[in-house]
Amino acid sequence: MDTLAGNARLRLHVLASGSKGNCSVVEDVATGDLAMLDCGISKSAFMTRLGECGLDATRIQALFVTHEHSDHVKGLGVVTRGLAKLGVVPKLYVSNAVHAASSEIRAIENTVDLRHFAAGDDIAVAGMRVHAFPTLHDAAESFGFRVDCGGDSLGFMTDTGIVTGEAREALARCRVLALEANHDLDMLEHGPYPYYLKARIASDHGHLSNLQSANLLESLLCDELEQVVGMHISETNNTYRLPNDALSEVLRREAHPAHAQVGYQAKSTSV
């Protein structure tokens, strides 16, 4: 693993990001401890990509769920059972509403260390402080997270149609930002989806477009920022190049030294 300089205590490993499944891992590079964000992929994909990132599954301390949609929780059962066989029982953090709305979570509630959180909570786990903030999505509830550790900060937000005030405040002055860049507006408008689905995606309770993500990035530029990752990219209504170009253009235009890249559906990305 490369040595990180300065206050770079945290790494983000995007194991999968997109409509077919989402899972990311935050690493404290000083201790090797890990916190997962969502678990919507198979045990095989999870273990394979975790290994590709050089991460040790036995160091997983916690798993945070953003919301109950299946692409974010459908791997919970198989992955937590696989971790249990390794002697690992991470704390599973969900909101009360997401718990009630998710059959996947209810199916494992008696086999995991289940904890509840609410918007605005600060959770101390794995040597990190994880702050939950609300997003706006067509789910029972949905959340993004800010992770702070040893003077380093990471902001993570997907699955929101607009940027809430709480989200903007939580994402300020982060060294690493993972921001939804779900769709290209023109591709969505002229793509194959039925009208009702196009309207849902573009609504205030849908997903951020490349343009919205770029505008958000511009408002969050700061001296601390080093890495930005475009997330939850649609394989139908976007390409991987378009959000990367949109985010990179903001950095180029503002002469900011941060680096932009994207999270993929079928391979891992580490920053």
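1. **Ground rules.** Residues are numbered from 1 along each chain as its sequence is written, and side-chain values use heavy atoms, with hydrogens and water left out. The model is predicted, so local features need pLDDT of at least 70 and side-chain atom pairs count only at pLDDT 80 or more, while totals for chains, interfaces and linings use all residues.

2. **Helix H1.** Start with H1, residues 43–52. Helices are DSSP runs (H or I, at least four residues), strands are runs of E (at least two), and both are numbered from the N terminus. The buried residues of H1 are Ala45, Phe46, Arg49 and Leu50. They fall within an arc of 125° seen down the axis, so they line one face of the helix. That arc is taken from the directions from the helix axis to the C-beta atoms. Ser44 and Glu52 are exposed on the other side. Buried means under 20% relative accessible area, exposed over 50%, and partly exposed in between (1.4 Å probe, protein chains only).

3. **What covers H1.** The cover over its buried residues includes strands E1 (10–16), E2 (23–28), E3 (34–37) and E4 (60–64). Helix H3 (76–85) is also part of that cover. After H1 comes Gly54, with a positive phi near 75°.

4. **Thr80, in H3.** Thr80 sits in helix H3. Its relative accessible area is 10%, so Thr80 counts as buried. Its side chain reaches the backbone oxygen of Gly77 at 3.2 Å. Such a polar contact is a pair of N or O atoms within 3.5 Å; within protein, one must be able to donate a hydrogen and the other to accept it, and residues adjacent in sequence count only if both atoms are side-chain atoms. Beyond neighbours within four places in sequence, Thr80 is in contact with Ile108 and Val112. Contact means heavy atoms within 4.5 Å.

5. Val89 lies in the loop between H3 and strand E5 (91–94). Val89 touches Thr111, Val112 and Asp113, not counting residues up to four places away in sequence. Gln61 is 28 residues from Val89 in sequence, yet their C-alpha atoms are 7.7 Å apart.

6. **Thr160.** This residue is in the loop between strand E10 (152–157) and helix H6 (165–170). Buried or exposed? Thr160 is at 0% relative accessibility, so it counts as buried. A polar atom of its side chain lies 2.6 Å from the backbone oxygen of Ile162. Apart from neighbours within four places, its contacts include Thr135, His137, Glu180 and His207.

7. **The largest pocket.** Its volume is about 190 Å³. It is lined by 13 residues; Ser19, Asn182, Arg200, His207 and His232 lie nearest its centre. Helix H8 (195–202) gives the most to the lining, with three residues. By class, the lining has three nonpolar, seven polar and three charged residues.

8. **The cavity.** A search of the whole structure finds one cavity of 30 Å³ or more. The lining of the largest cavity includes Ser17, Asp38, His72, Phe156 and Met231. By class, that lining has four nonpolar, five polar and one charged residues.

9. **Terms for the spaces.** On a 1 Å grid over the protein atoms alone, a cavity is a set of points where a 1.4 Å probe fits but cannot get out; a pocket is an open set with protein on both sides within 12 Å along at least five of seven lines; lining residues have an atom within 4 Å of a point. Points are joined across faces, edges and corners, and a volume is the space filled by probe spheres set on them. Ala, Val, Leu, Ile, Met, Phe, Trp, Tyr, Cys and Pro count as nonpolar, Asp, Glu, Lys and Arg as charged, and the others, Gly among them, as polar.
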